[in-house]
Amino acid sequence: MSETTVTSARLRDFIQQALIAVGLPDADAAAVAELMAAADLQGSDGHGVSRLPQYVRRIKAGGVNVRPNIDVVHAHAATAVLNGDNGMGHLVMKRAAEMAIEKARTTGIGWVNSQFSNHAGPASLYATMPLAHDMIGLYFAVGNANHLPPWGGLDMLLSTNPIAAAIPAGEENPVVLDMATTVAAYGKVKTKALRGETMPEGWMIDRAGKPLTDPKRADEGMLLPLGGMEAGYKGYGLAMIIGLLAGTLGGAAMGRDVIDFNHDDDSVTNTGQAIAAINVAAFGDVATFKRSVDALVRDFRNSQRMPGVDRIWVPGERSHETRLRRMSHGIPLAAALRKGLDQVADELGLARL
């Protein structure tokens, strides 16, 4: 079986049907499917439909609550903590983003943490939600498995702990940064394994400190923090701070308490995430701000390039171009992923993609 393509609409419908088949209410399944398909559409292949077999497996094992009561635990004018009741992370974080936006309308900023959530896909899905309201979005999360030790150590006490930021612009596309605090997100490692590809040197090392390039041996090694072997203490420090903000602050798992959901299907992960919405109008004129962002984007893009460099990219531009291309030509599915999705379809009595 070779790589094939599928439209985002067909992919979304397939995900929705699968989630309904394992017990999610129709509206919840539709909301999760929309976000998962959006992840693939923008090129976040490690966080979209590739996660569906794992989600289905965890739901069937009782590791995810398909009918959660997502409720507010603590609330103040500009802040809140949501208890996700072990529901799908996409539902919890969509609700958290909506709350943060609503708070930012009146207070200028809204910050919402979640506890007892689950994996929710790429960080940028939620950081970009405030953009439609002329707001800046920030997102932080504790990853769903620890693949990173403290700098100089061997105990896996940290995850990829991603951060995302979305800044509205005027005529230009929004500036959107979405990154792990490791050199590569673990989802990219899993994507390499699905495609039968090797990893570049510098993504992972084994416990002896030697490069690890076979993604199927990822459990034998550790991800390298941002900065790599030379300045990894910076990525380690950033991962720890983000974990404290997204996990510890909201009463969610961090450090030794993090459950590896790649190898544990039935435990409650208590995944922690946080989202902030910052109302641009609270700082000045929105149109003026957007014009300033446009000017900066153009200055960066049109600045002098080094020899051999064809283009200077602004954060978010690659995802935007991927989205446009995949909307026109479809979303590629690796052969191994297609096989896994066919198995899901057969198990649930659905038509194959």
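**Helix packing, aromatic pairs and a buried glutamate**

In this predicted model, helix α3 (residues 52–60) packs with helix α10 (residues 335–348) at an angle of about 35°, and the two axes lie 9 Å apart. On the α3 side the contact is made by Leu52, Pro53, Val56 and Lys60, which meet Gly340, Leu341, Val344, Glu347 and Leu348 of α10.

Aromatic rings were examined next, and two aromatic pairs were counted. In one of them, the ring centres of Trp111 and Phe140 are 5.6 Å apart and the planes stand at 25°, under the 30 degrees required, so the pair is classed as stacked. Because Trp111 belongs to strand β4 (residues 109–117) and Phe140 to strand β5 (residues 135–141), the pair ties together parts that are 29 residues apart in sequence. Trp111 is partly exposed, with a relative accessibility of 21%, whereas Phe140, at 10%, is buried. Tyr126 and Tyr139 likewise form a stacked aromatic pair, with 5.7 Å from centre to centre and 25° between the planes. Tyr126 is located in helix α5 (residues 124–127) and Tyr139 in strand β5, so this pair ties together parts 13 residues apart in sequence; both tyrosines, Tyr126 and Tyr139, are buried.

Glu317 lies in helix α9 (residues 317–329) and has a relative accessible area of 9%, which is under the 20% limit, so Glu317 counts as buried. When residues up to four places away in sequence are not counted, Glu317 touches Arg301, Arg311 and Ile312. The charged end of Arg311, in turn, sits over the ring of Trp313, at 3.8 Å from the ring centre.

Notes. Residues are numbered from 1 along each chain as its sequence is written. This is a predicted model: local features need pLDDT of at least 70, side-chain atom pairs count only at pLDDT 80 or more; totals for chains, interfaces and linings use all residues. Side-chain values use heavy atoms; hydrogens and water are left out. Axes are lines fitted to C-alpha atoms, for helices over the stretch in contact, and angles run from 0 to 180 degrees between N-to-C directions. Helices (H or I, at least four residues) and strands (E, at least two) are DSSP runs, numbered from the N terminus. Contact means heavy atoms within 4.5 Å. Buried means under 20% relative accessible area, exposed over 50%, partly exposed in between (1.4 Å probe, protein chains only). Rings of Phe, Tyr and Trp (its six-membered ring) pair if their centres lie within 6.5 Å; planes under 30 degrees apart count as stacked, over 60 as edge-to-face and the rest as tilted. A charge sits over a ring if NZ of Lys or CZ of Arg is within 6 Å of the ring centre and within 35 degrees of the ring normal.
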